[in-house]
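Thanks for asking me to look this one over.

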Amino acid sequence: MYHAPALLTESLEALQLRPDGVYVDATFGGGGHAAAILERLGDKGCLYAFDQDEDARANTMNKPFAGHAGFHFVPANFRFLKRQLRALGVRTGSVDGILADLGVSSHQLDTPERGFSYRFDAALDMRMDPSAGQSAADVLNEYTADELQRVFSEFGEVRNARTLAQACLQFREKGRFRTTSDLTGVCDTVMMGERWRYLSQVFQALRMEVNDETGALEDFLRDALEMLAPGGRIVVIAYHSIEDRIVKNFLKTGNAEGKVVQDFYGKIERLFDIITKKPIEPSEAETKENPRARSAKLRIGIKK
Ligand SMILES: C[S@@+](CC[C@H](N)C(=O)[O-])C[C@H]1O[C@@H](n2cnc3c(N)ncnc32)[C@H](O)[C@@H]1O
(Lines give C-alpha, C1' and ligand atoms only; values in the text may rest on other atoms or scores of the structure.)
Protein backbone atom coordinates (compact mmCIF):
# COMPACT_ATOMS: atom_id res chain seq x y z
CA MET A 1 0.00 0.00 0.00
CA TYR A 2 1.28 3.48 -0.92
CA HIS A 3 0.16 5.13 2.34
CA ALA A 4 -2.46 4.59 5.04
CA PRO A 5 -4.20 7.95 5.66
CA ALA A 6 -4.00 9.18 9.27
CA LEU A 7 -7.00 10.62 11.15
CA LEU A 8 -9.21 10.10 8.11
CA THR A 9 -12.62 10.28 9.80
CA GLU A 10 -11.49 13.22 11.90
CA SER A 11 -10.17 15.13 8.84
CA LEU A 12 -13.43 14.68 6.95
CA GLU A 13 -15.44 15.77 9.97
CA ALA A 14 -13.11 18.76 10.36
CA LEU A 15 -13.59 19.90 6.77
CA GLN A 16 -17.43 19.90 7.00
CA LEU A 17 -17.58 19.23 3.26
CA ARG A 18 -20.28 20.78 1.09
CA PRO A 19 -21.04 18.79 -2.08
CA ASP A 20 -20.64 21.89 -4.29
CA GLY A 21 -17.62 23.32 -2.46
CA VAL A 22 -14.06 24.01 -3.63
CA TYR A 23 -11.41 22.08 -1.70
CA VAL A 24 -7.66 21.61 -1.67
CA ASP A 25 -5.68 18.59 -0.53
CA ALA A 26 -2.19 20.06 -0.29
CA THR A 27 -0.51 16.66 0.22
CA PHE A 28 -2.08 14.10 -2.13
CA GLY A 29 0.37 11.20 -1.50
CA GLY A 30 -1.50 7.93 -1.94
CA GLY A 31 -4.77 9.84 -2.31
CA GLY A 32 -6.43 8.32 0.76
CA HIS A 33 -7.77 11.62 2.10
CA ALA A 34 -8.42 12.95 -1.40
CA ALA A 35 -10.51 9.92 -2.43
CA ALA A 36 -12.69 10.26 0.65
CA ILE A 37 -13.18 13.98 -0.05
CA LEU A 38 -13.96 13.44 -3.72
CA GLU A 39 -16.52 10.75 -2.94
CA ARG A 40 -18.44 13.31 -0.89
CA LEU A 41 -18.47 15.99 -3.60
CA GLY A 42 -21.26 16.39 -6.15
CA ASP A 43 -21.03 17.34 -9.84
CA LYS A 44 -20.31 20.98 -9.00
CA GLY A 45 -17.68 20.28 -6.33
CA CYS A 46 -13.95 20.64 -7.02
CA LEU A 47 -10.81 19.19 -5.48
CA TYR A 48 -7.33 20.52 -6.24
CA ALA A 49 -4.69 18.04 -5.05
CA PHE A 50 -1.04 19.07 -4.71
CA ASP A 51 2.04 16.88 -4.42
CA GLN A 52 5.62 17.76 -5.27
CA ASP A 53 6.60 14.09 -5.68
CA GLU A 54 6.13 12.73 -9.20
CA ASP A 55 5.50 9.24 -7.76
CA ALA A 56 2.23 10.50 -6.27
CA ARG A 57 0.81 11.28 -9.71
CA ALA A 58 0.49 7.56 -10.55
CA ASN A 59 -2.19 7.33 -7.85
CA THR A 60 -4.41 9.73 -9.81
CA MET A 61 -4.81 7.10 -12.57
CA ASN A 62 -7.24 5.08 -10.46
CA LYS A 63 -10.79 5.50 -9.29
CA PRO A 64 -12.22 7.90 -8.11
CA PHE A 65 -9.73 10.37 -9.62
CA ALA A 66 -9.34 9.26 -13.26
CA GLY A 67 -11.77 11.10 -15.49
CA HIS A 68 -13.47 12.91 -12.58
CA ALA A 69 -14.36 16.36 -13.92
CA GLY A 70 -13.96 18.05 -10.55
CA PHE A 71 -10.50 16.63 -9.77
CA HIS A 72 -7.30 18.52 -10.63
CA PHE A 73 -3.81 17.30 -9.76
CA VAL A 74 -1.22 20.04 -9.25
CA PRO A 75 2.36 18.70 -9.39
CA ALA A 76 3.87 21.48 -7.30
CA ASN A 77 5.14 22.44 -3.87
CA PHE A 78 2.26 23.60 -1.69
CA ARG A 79 4.30 26.65 -0.68
CA PHE A 80 3.12 28.08 -4.02
CA LEU A 81 -0.54 27.38 -3.24
CA LYS A 82 -1.86 30.80 -4.18
CA ARG A 83 0.12 31.17 -7.40
CA GLN A 84 -0.82 27.67 -8.57
CA LEU A 85 -4.51 27.99 -7.73
CA ARG A 86 -4.75 31.44 -9.30
CA ALA A 87 -3.19 30.05 -12.49
CA LEU A 88 -5.97 27.46 -12.55
CA GLY A 89 -8.63 30.18 -12.28
CA VAL A 90 -9.41 29.82 -8.55
CA ARG A 91 -10.16 33.23 -7.06
CA THR A 92 -8.51 34.50 -3.86
CA GLY A 93 -10.93 34.11 -0.96
CA SER A 94 -13.05 31.44 -2.63
CA VAL A 95 -11.82 28.09 -1.23
CA ASP A 96 -14.09 26.26 1.23
CA GLY A 97 -11.54 23.94 2.81
CA ILE A 98 -7.84 23.10 2.74
CA LEU A 99 -6.26 19.95 4.15
CA ALA A 100 -2.54 19.34 4.67
CA ASP A 101 -1.23 16.02 5.97
CA LEU A 102 2.42 16.98 6.39
CA GLY A 103 5.66 15.04 6.06
CA VAL A 104 6.51 12.03 3.94
CA SER A 105 4.42 9.08 2.79
CA SER A 106 5.08 5.44 3.63
CA HIS A 107 5.90 4.95 -0.06
CA GLN A 108 8.69 7.53 0.17
CA LEU A 109 10.05 6.03 3.41
CA ASP A 110 9.89 2.48 2.09
CA THR A 111 11.49 3.12 -1.32
CA PRO A 112 15.18 2.42 -0.65
CA GLU A 113 16.61 4.55 -3.47
CA ARG A 114 14.92 7.73 -2.15
CA GLY A 115 17.36 7.66 0.79
CA PHE A 116 14.79 8.65 3.45
CA SER A 117 15.40 5.65 5.66
CA TYR A 118 18.36 4.34 7.62
CA ARG A 119 16.90 0.84 7.10
CA PHE A 120 18.32 0.62 3.55
CA ASP A 121 21.73 1.37 2.12
CA ALA A 122 21.14 3.89 -0.64
CA ALA A 123 22.25 7.26 -1.99
CA LEU A 124 21.62 10.06 0.54
CA ASP A 125 18.98 11.96 -1.41
CA MET A 126 15.83 12.65 0.69
CA ARG A 127 14.31 15.18 -1.74
CA MET A 128 10.55 14.85 -2.06
CA ASP A 129 10.96 16.48 -5.46
CA PRO A 130 14.11 14.82 -6.79
CA SER A 131 14.34 17.41 -9.59
CA ALA A 132 14.90 20.37 -7.27
CA GLY A 133 17.25 21.62 -4.59
CA GLN A 134 20.01 20.13 -2.51
CA SER A 135 20.19 16.47 -1.47
CA ALA A 136 20.97 15.19 2.02
CA ALA A 137 24.49 14.37 0.80
CA ASP A 138 24.93 18.03 -0.30
CA VAL A 139 23.88 19.22 3.17
CA LEU A 140 26.27 16.83 4.92
CA ASN A 141 29.15 17.64 2.56
CA GLU A 142 28.75 21.42 2.45
CA TYR A 143 27.31 22.77 5.71
CA THR A 144 29.59 24.13 8.43
CA ALA A 145 29.71 22.42 11.83
CA ASP A 146 27.48 25.18 13.26
CA GLU A 147 24.91 24.73 10.51
CA LEU A 148 24.85 20.95 10.94
CA GLN A 149 24.50 21.34 14.68
CA ARG A 150 21.49 23.63 14.17
CA VAL A 151 19.83 21.12 11.83
CA PHE A 152 20.36 18.12 14.15
CA SER A 153 19.33 20.02 17.23
CA GLU A 154 16.39 22.05 15.88
CA PHE A 155 14.73 19.48 13.63
CA GLY A 156 15.88 16.23 15.27
CA GLU A 157 16.23 17.24 18.91
CA VAL A 158 19.47 15.22 18.81
CA ARG A 159 20.96 15.59 22.30
CA ASN A 160 24.62 15.59 21.24
CA ALA A 161 24.10 17.59 18.04
CA ARG A 162 27.47 19.38 18.41
CA THR A 163 29.39 16.10 18.74
CA LEU A 164 27.57 14.60 15.77
CA ALA A 165 28.24 17.70 13.64
CA GLN A 166 31.94 17.48 14.49
CA ALA A 167 31.98 13.75 13.67
CA CYS A 168 30.50 14.61 10.26
CA LEU A 169 33.31 17.10 9.64
CA GLN A 170 35.91 14.50 10.64
CA PHE A 171 34.37 12.07 8.15
CA ARG A 172 34.72 14.75 5.44
CA GLU A 173 38.47 14.93 6.05
CA LYS A 174 38.68 11.42 4.56
CA GLY A 175 35.94 11.49 1.95
CA ARG A 176 32.47 12.66 0.98
CA PHE A 177 29.06 11.54 2.19
CA ARG A 178 27.39 9.49 -0.50
CA THR A 179 25.20 6.81 1.07
CA THR A 180 22.94 6.28 4.06
CA SER A 181 25.52 3.85 5.46
CA ASP A 182 28.15 6.65 5.41
CA LEU A 183 25.83 8.56 7.73
CA THR A 184 24.78 5.64 9.94
CA GLY A 185 28.50 4.74 10.26
CA VAL A 186 29.27 8.23 11.62
CA CYS A 187 26.21 8.11 13.89
CA ASP A 188 27.34 4.77 15.29
CA THR A 189 30.53 6.39 16.60
CA VAL A 190 28.75 9.05 18.70
CA MET A 191 25.27 7.67 19.25
CA MET A 192 23.37 8.13 22.53
CA GLY A 193 20.40 6.05 23.65
CA GLU A 194 18.60 3.55 21.47
CA ARG A 195 20.03 3.18 17.98
CA TRP A 196 16.71 3.26 16.08
CA ARG A 197 15.58 6.38 17.94
CA TYR A 198 18.87 8.20 17.40
CA LEU A 199 18.95 7.37 13.68
CA SER A 200 15.28 8.33 13.26
CA GLN A 201 15.99 11.73 14.79
CA VAL A 202 19.06 12.35 12.61
CA PHE A 203 17.33 11.23 9.40
CA GLN A 204 14.23 13.28 10.19
CA ALA A 205 16.33 16.37 10.85
CA LEU A 206 18.11 16.08 7.52
CA ARG A 207 14.88 15.43 5.64
CA MET A 208 13.29 18.54 7.12
CA GLU A 209 16.30 20.64 6.16
CA VAL A 210 16.61 19.20 2.63
CA ASN A 211 12.95 19.93 1.87
CA ASP A 212 12.77 23.19 3.86
CA GLU A 213 9.66 21.75 5.47
CA THR A 214 9.12 24.51 8.04
CA GLY A 215 9.69 27.26 5.46
CA ALA A 216 7.24 25.62 3.05
CA LEU A 217 4.67 25.26 5.83
CA GLU A 218 4.89 28.95 6.72
CA ASP A 219 4.46 30.02 3.08
CA PHE A 220 1.58 27.58 2.70
CA LEU A 221 -0.27 28.88 5.77
CA ARG A 222 0.01 32.47 4.56
CA ASP A 223 -1.34 31.52 1.13
CA ALA A 224 -4.06 29.35 2.63
CA LEU A 225 -5.32 32.28 4.69
CA GLU A 226 -5.64 34.35 1.52
CA MET A 227 -7.25 31.63 -0.56
CA LEU A 228 -9.87 30.57 2.00
CA ALA A 229 -13.35 32.08 1.85
CA PRO A 230 -14.72 33.56 5.08
CA GLY A 231 -16.03 30.52 6.97
CA GLY A 232 -13.62 28.27 5.03
CA ARG A 233 -11.71 25.68 7.03
CA ILE A 234 -8.06 24.83 7.29
CA VAL A 235 -7.16 21.40 8.63
CA VAL A 236 -3.52 20.52 9.23
CA ILE A 237 -2.04 17.24 10.46
CA ALA A 238 1.51 17.65 11.79
CA TYR A 239 3.88 14.92 12.97
CA HIS A 240 6.61 17.04 14.53
CA SER A 241 6.38 19.42 17.47
CA ILE A 242 8.00 22.28 15.52
CA GLU A 243 5.43 22.00 12.75
CA ASP A 244 2.56 21.66 15.18
CA ARG A 245 3.77 24.80 16.98
CA ILE A 246 3.91 26.74 13.70
CA VAL A 247 0.32 25.71 12.89
CA LYS A 248 -0.90 26.50 16.41
CA ASN A 249 0.78 29.93 16.38
CA PHE A 250 -0.47 30.77 12.92
CA LEU A 251 -4.08 29.96 13.75
CA LYS A 252 -3.82 32.12 16.84
CA THR A 253 -1.88 35.12 15.54
CA GLY A 254 -1.44 34.86 11.76
CA ASN A 255 2.32 34.35 12.09
CA ALA A 256 4.55 31.35 12.76
CA GLU A 257 6.22 32.85 15.83
CA GLY A 258 2.93 33.47 17.64
CA LYS A 259 3.61 37.23 17.96
CA VAL A 260 0.37 38.91 18.97
CA VAL A 261 -0.46 41.64 16.45
CA GLN A 262 -2.64 44.57 17.51
CA ASP A 263 -4.41 46.96 15.21
CA PHE A 264 -4.14 50.78 15.40
CA TYR A 265 -6.54 50.86 18.36
CA GLY A 266 -4.68 48.14 20.27
CA LYS A 267 -7.30 45.51 19.44
CA ILE A 268 -5.96 42.00 18.80
CA GLU A 269 -6.96 40.85 15.36
CA ARG A 270 -8.13 37.23 15.20
CA LEU A 271 -7.93 35.66 11.76
CA PHE A 272 -9.38 32.26 12.64
CA ASP A 273 -11.88 30.73 15.00
CA ILE A 274 -9.90 27.89 16.50
CA ILE A 275 -11.88 24.68 16.84
CA THR A 276 -9.05 22.69 18.41
CA LYS A 277 -7.80 24.32 21.62
CA LYS A 278 -5.97 21.01 21.99
CA PRO A 279 -5.00 19.07 18.86
CA ILE A 280 -6.91 15.93 17.86
CA GLU A 281 -4.77 12.79 18.11
CA PRO A 282 -5.30 9.26 16.77
CA SER A 283 -7.19 6.76 18.88
CA GLU A 284 -5.41 3.78 20.39
CA ALA A 285 -7.10 1.55 17.81
CA GLU A 286 -5.75 3.67 14.94
CA THR A 287 -2.18 3.72 16.30
CA LYS A 288 -2.30 -0.02 16.77
CA GLU A 289 -3.38 -0.50 13.17
CA ASN A 290 -1.13 2.22 11.76
CA PRO A 291 1.87 2.92 14.04
CA ARG A 292 3.11 5.68 11.72
CA ALA A 293 0.07 7.76 12.72
CA ARG A 294 1.10 7.79 16.39
CA SER A 295 2.58 11.30 16.49
CA ALA A 296 -0.18 12.91 14.35
CA LYS A 297 -1.74 16.12 15.67
CA LEU A 298 -4.67 17.67 13.83
CA ARG A 299 -5.67 21.33 14.19
CA ILE A 300 -8.63 23.11 12.67
CA GLY A 301 -9.23 26.80 12.03
CA ILE A 302 -12.22 28.56 10.50
CA LYS A 303 -11.34 31.73 8.65
CA LYS A 304 -13.17 34.75 10.05
C1 LIG B 1 1.86 12.13 4.73
S2 LIG B 1 1.85 12.07 3.01
C3 LIG B 1 0.17 12.40 2.59
C4 LIG B 1 -0.66 11.18 2.51
C5 LIG B 1 -2.05 11.41 2.01
N6 LIG B 1 -2.84 12.23 2.88
C7 LIG B 1 -2.75 10.08 1.78
O8 LIG B 1 -3.87 9.91 2.29
O9 LIG B 1 -2.19 9.24 1.08
C10 LIG B 1 2.59 13.59 2.56
C11 LIG B 1 2.66 13.84 1.05
O12 LIG B 1 2.81 15.24 0.89
C13 LIG B 1 3.81 15.51 -0.04
N14 LIG B 1 4.41 16.78 0.37
C15 LIG B 1 5.08 17.04 1.51
N16 LIG B 1 5.48 18.32 1.53
C17 LIG B 1 5.02 18.88 0.39
C18 LIG B 1 5.12 20.19 -0.17
N19 LIG B 1 5.78 21.18 0.44
N20 LIG B 1 4.51 20.42 -1.36
C21 LIG B 1 3.84 19.42 -2.00
N22 LIG B 1 3.75 18.16 -1.54
C23 LIG B 1 4.33 17.90 -0.36
C24 LIG B 1 4.77 14.34 0.04
O25 LIG B 1 5.43 14.19 -1.20
C26 LIG B 1 3.84 13.17 0.38
O27 LIG B 1 3.43 12.51 -0.78
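The numbered points below go from the overall layout to single residues.

1. A word on the basis of these notes: this is a predicted model, where local features need pLDDT of at least 70, side-chain atom pairs count only at pLDDT 80 or more, and totals for chains, interfaces and linings use all residues. Residues are numbered from 1 along each chain as its sequence is written.

2. Let us begin with the layout. The protein is divided into domain 1, made of 8–106 + 213–303, and domain 2, which covers 130–210; these bounds come from an automatic or database domain assignment. The C-alpha centres of domain 1 and domain 2 are 30 Å apart.

3. Next, the ligand. There are 22 residues around the ligand, and P5, T27, G29, G30 and G32 come nearest; a residue is near a molecule or strand if its C-beta atom, placed from the backbone, lies within 6 Å of it. By type, this shell has seven nonpolar, eleven polar and four charged residues. In this scheme Ala, Val, Leu, Ile, Met, Phe, Trp, Tyr, Cys and Pro count as nonpolar, Asp, Glu, Lys and Arg as charged, and the others, Gly among them, as polar.

4. Helix α2 (residues 32–39) is largely enclosed by the rest of the structure, because six of its eight residues are buried. Helices (H or I, at least four residues) and strands (E, at least two) are DSSP runs, numbered from the N terminus. Buried means 20 or more other C-beta atoms within 10 Å of the residue's own, exposed means 12 or fewer, and partly exposed is in between, with C-beta atoms placed from the backbone. The buried residues of α2 are G32, H33, A34, A35, I37 and L38, and they pack against α1 (8–15), β1 (22–25), β2 (46–50), β3 and β4 (95–101). Contact here means C-beta atoms, placed from the backbone, within 7 Å.

5. How do the axes of α7 and α10 cross? Those of helix α7 (residues 145–156) and helix α10 (residues 195–210) come within 8 Å and cross at roughly 105°, so the two helices are roughly perpendicular to each other. On the α7 side the contact involves V151, F152, F155 and G156, and on the α10 side Q201, V202, Q204, A205, L206, M208 and E209. These contact residues divide into seven nonpolar, three polar and one charged. Axes are lines fitted to C-alpha atoms, for helices over the stretch in contact, and angles run from 0 to 180 degrees between N-to-C directions. Angles under 35 degrees count as roughly parallel, over 145 as roughly antiparallel, 65 to 115 as roughly perpendicular and the rest as oblique.

6. R299 deserves a look. It lies in strand β7 (residues 297–303) and is buried, with 23 other C-beta atoms within 10 Å. Leaving aside residues up to four places away in sequence, R299 touches V236, V247, K248, L251, T276 and P279. The C-alpha atoms of R299 and V235 are 5.8 Å apart, although 64 residues separate them along the chain.

7. Finally, some backbone details to check. The peptide bond from K63 to P64 is cis, with omega near 0°, and P64 sits in the loop between α3 (54–57) and β3 (71–74). E157, which is not a glycine, has a positive phi of about 50°; E157 belongs to the loop between α7 and α8 (161–174).

Key. Two residues are in contact if their C-beta atoms, placed from the backbone, lie within 7 Å.
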